Amino acid sequence: MTTGSEAAARTELVQAYKEVVGLGLTELSSGNISVRFGEGMLISPTGASGDTITEDSLVYVGPDGGWEAGRRPSSEWQLHARVYRENADTNAIVHTHSDYCVAVACHCKPLPGFHYMVGVFGGDDVPCVPYNTFGSEELARDVALALRARTACLMGNHGATARGKHLDAAVKGAHRLEISCRHYIHSLAIGEPRLLTPEEWADFHRRIGNSGYAK
Ligand SMILES: [Zn+2]
């Protein structure tokens with residue numbers, strides 16, 4: 001992203017925001033999206049929605065955490081900044097309050113390895129970080145920590161965050177996690193699902209290793 005022009009980056013970010021709204025992952029102003037840009041990032045503004053977001057409304061947040069007067073980035077800007085700082089290969093982040101992710105996250109438990117698609121996020125579960133107030137340093141710290149070993153995590157009593165090498169990967173990650181949480185909740189309706197065994201996970205990760213699947 002850092003090689004493209006700023007105008008192109010802003011256009012892509014607005015398109016991705018609208019895509020996330022179109023997928024039903026964000027309603028009203030509950031989600032936020034960013035891309036790494038230059039030394040900092042471009043992020044959706046506080047209070048953005050699919051109807052109001054524009055290229056001009058996006059906020060550039062510098063490496064020092066500063067932004068232009070008269071603008072305000074999403075309240076979760078610290079979370080985005082910290083994930084970029086700790087993951088050099090991450091260039092886009094999508095944070096949502098999507099229905100099924102929230103439903104699972106409100107139990108403050110990880111999404112277990114009940115289906116092999118849980119493994120596309122990099123492990124044999126999707127962790128859930130403890131609840132902390134939105135926009136807090138503690139929440140940013142915990143999400144960044146969880147996303148060192150995964151490309152997505154749940155956030156206790158809150159929602160989910162997905163990261164990717166580019167916008168499309170981050171959007172797909174957020175969408176895939178929503179689908180997996182939906183499948184998990186449906187599966188729970190007829191009892192506790194069987195979890196994949198450690199051997200099955202090892203085989204899955206060996207197979208996915210070179211496939212480029214879900215990257
Ligand atoms: Zn949130």
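**Zinc site.** I looked up the zinc ion first: H95, H97 and H158 coordinate it, each through NE2, at 2.0 to 2.1 Å. Donors here are N, O and S atoms within 2.8 Å of the metal (3.2 Å for Na, K and Ca), and water is not among the atoms, so the site may look incomplete. This is a predicted model, in which local features need pLDDT of at least 70 and side-chain atom pairs count only at pLDDT 80 or more, while totals for chains, interfaces and linings use all residues. I number residues from 1 along each chain as its sequence is written, and side-chain values use heavy atoms, without hydrogens and water.

In sequence the donor residues follow the spacing H-x1-H-x60-H. I checked two of them for burial (buried is under 20% relative accessible area, exposed over 50%, partly exposed in between; 1.4 Å probe, protein chains only). H95 is buried at 1%, whereas H97 is partly exposed at 32%.

**A92.** I placed A92 in strand β4; helices (H or I, at least four residues) and strands (E, at least two) are DSSP runs numbered from the N terminus. Its relative accessible area is 0%, so A92 counts as buried. I listed its contacts (heavy atoms within 4.5 Å). Leaving out residues up to four places away in sequence, A92 touches S34, V35, Y84, A162, R163, G164, H166, L167 and A170.

**Helix α5.** I then followed α5, residues 167–188. Its 22 residues reach 32 Å from first C-alpha to last, close to the 32 Å expected; the expected span is 1.5 Å times one less than the number of residues. Among its buried residues are L167, A170, L177, S180, C181 and Y184. The cover over the buried residues includes α1, β1, β4, α3, β6 and β7.

**Cores.** Which residues touch the most other members of the largest nonpolar core? I found L111, L154 and L177, in a core of 42 residues. Such a core is a set of buried Ala, Val, Leu, Ile, Met, Phe, Trp, Tyr and Cys residues joined through side-chain atoms within 4.5 Å. The largest share, 7 residues, comes from α5. I noted that L111 touches L154 and L177, and also S180, C181 and Y184, among others. Another core, of 18 residues, lies apart from the largest one and includes M41, V61, I93 and L139.

**Record.** UniProt, in an unreviewed entry, lists residues 11–185 as "domain: Class II aldolase/adducin N-terminal"; positions are in the numbering used here, feature names are shortened, and annotations may be inferred rather than shown by experiment. Over that range I read 33% helix and 17% strand, with the end C-alpha atoms 36 Å apart.
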